[in-house]
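Dear colleague,

I am handing over the structure below, followed by what was found in it. Please read the notes with the coordinates open beside you.

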Amino acid sequence: LGSISDVCASPTRRTMPAMAMTRATLALSRPATASAPLRARRTAPTPAKQPVVGGKLQRIASIAPSAHRHAMTATTDHAASMKRGERLTASAASSATPAAASGGDTGETAAIINVIKAIFGAGGFALPWAFAQGGTVLVTACLVSSYWFALKALEMLVKSQETLINAGKATQEEVQTYAGLTAKAIGPAGDVICRVLNVVTCFGITVGYMIFVADTCISMLPADQAATYTTAKMLTYNLSVWLFMAWQRSIAGVNLISLFGTTTVALSMVWVAISALRNPMQAIPLADISQFSGFFGTVAFLFFIHFTLFSVQEGMPQKKYFLSAANKAFLIAMAISLVFGLVGAVGYGQGVSSVVVTMLTGVAGIIVKGLLALNLWSTFPLMARSSLLILENVASPGKEAALPLSLGIRTGFVALAAYLACNVPNFGAVLGLVGGVCCCAMSIFMPPIILFKSKELVGAPATGGEKGMIGFVALTGLVCMILSVVL
């Protein structure tokens, strides 16, 4: 899934997570403590007058990249669970610890790698399906336009933080997370919005994970046995695994999980492309707008991960290169997505599965499927952690939830997600709603609103072209969210 990280963080907590699928990505919580290399880098002295993205902003956010994206040390678990604010691993499929920049390096290369890892996860395996549904021309146009809007929205978030800090309306601590920035710019409603979107997004990604793993497990069985299974039936057999993983309140060993996730996703994408190229080319449509929800949601789930990116900026020795790194990373990811999606679509045709790995055959195919299933199971605790902590905080305000209460909430979360997974048509349909609505809301619709309110708060309201751009981006995000539901 593309990816989900820490967005709804308490503005006063000063820590930094690391990254991950996939996608959802998604990141609304209090940041977790970074790995040792990142902590060391953060405490290193900053050269005098060294510019950073957006001017004086040294620490933009603490939002770990997803179930594509994260690394938190076990020592932060207890403290984080006792305070308000949780972590969303916004991309939800492959976690990866941010690469460290070497001494004297600007950090741009490491940042590019980290952003790309934050983008790709389980959600990437729906790209061939997206191209087969929406058509080559329409989905390509969607990728290109999403790239432009993603960068524009990222610029707006950075400018919002700079505006509040320079005017003395907020400190770096208070706006170093997506949630903190939203709360300062919009007020208490901003914090509520972040938490609600966090829970909804993580829950949606969980449903997608369950469908992905169930369908993948079915495809690993001999044909005669696979024919006797439905997604719902397979899910009932592996439900105990989801429950066991949800009950994990400690996330020690996350760095190893991150590396495992990144490796399996990359290996799987390469093998899918090779297998598709062996098939005769098949015709797919040029454009089909009626399939907007499916193809746009898939693209949005991968690329609209802004709430996970500021931890990457925070770890850069020279933060002025952040937007440049993000730009290059999005371009590279767009090219990879275009090639992978088109190759998979023309190789498997319009009948391609929304979980394209299920179409792999042979021993190698079974190995790839097994690794992906293990990856999603292992990264699930990271992806769902933020929403589970938010729910526990609601049930037990201001203190750590008692063990029976915590296990009850986690069991209910998994049970409800499993029920919906048994009744959702396919993995692509889940991505359509989560990506097209939740990710689009946080990454395209909210950033211009945050900038508009920030400038209004400091007594310098947006005017002219800036005001027009704010309205254009926000309106586009709103329209895309509506179309994702009605089409």
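Cysteine 142 is buried, its relative accessible area being 8%, where buried means under 20% relative accessible area, exposed over 50% and partly exposed in between, with a 1.4 Å probe and protein chains only. The closest cysteine sulfur to that of cysteine 142 belongs to cysteine 480 and lies 7.5 Å away, which is too far for a bond; a disulfide is taken here as a pair of cysteine sulfur atoms within 2.5 Å. Cysteine 202 is likewise in no disulfide, with the sulfur of cysteine 438, the nearest, at 9.7 Å, and cysteine 202 is buried with a relative accessible area of 0%. A search of the whole structure finds 0 disulfides.

Please bear in mind that this is a predicted model, in which local features need pLDDT of at least 70 and side-chain atom pairs count only at pLDDT 80 or more, while totals for chains, interfaces and linings use all residues. Residues are numbered from 1 along each chain as its sequence is written, and side-chain values use heavy atoms, with hydrogens and water left out.

As for the chain overall, 59% of its 487 residues are buried. The protein chain has 17 helices and 2 strands, these being DSSP runs numbered from the N terminus (helices H or I, at least four residues; strands E, at least two).

Two helix pairs were examined, with axes as lines fitted to C-alpha atoms over the stretch in contact, and angles running from 0 to 180 degrees between N-to-C directions. Helix H4 (residues 127–134) packs on helix H13 (residues 322–348) at an angle of about 70 degrees, the axes being 7 Å apart. That makes H4 roughly perpendicular to H13, given that angles under 35 degrees count as roughly parallel, over 145 as roughly antiparallel, 65 to 115 as roughly perpendicular and the rest as oblique. Among the residues of H4 that meet H13 are Leu127 and Phe131, and those on the H13 side include Phe340 and Gly344, contact meaning heavy atoms within 4.5 Å.

Helix H14 (residues 362–395) and helix H15 (residues 403–421) have axes 10 Å apart and an angle of about 120 degrees, and are therefore oblique to each other. Their contact includes Phe380 and Glu392 of H14, together with Arg410 and Phe413 of H15.

Finally, serine 146 sits in helix H5 (residues 136–166) and counts as buried at 3% relative accessibility. Leaving aside neighbours within four places in sequence, serine 146 is in contact with Phe296, Val299 and Phe304.
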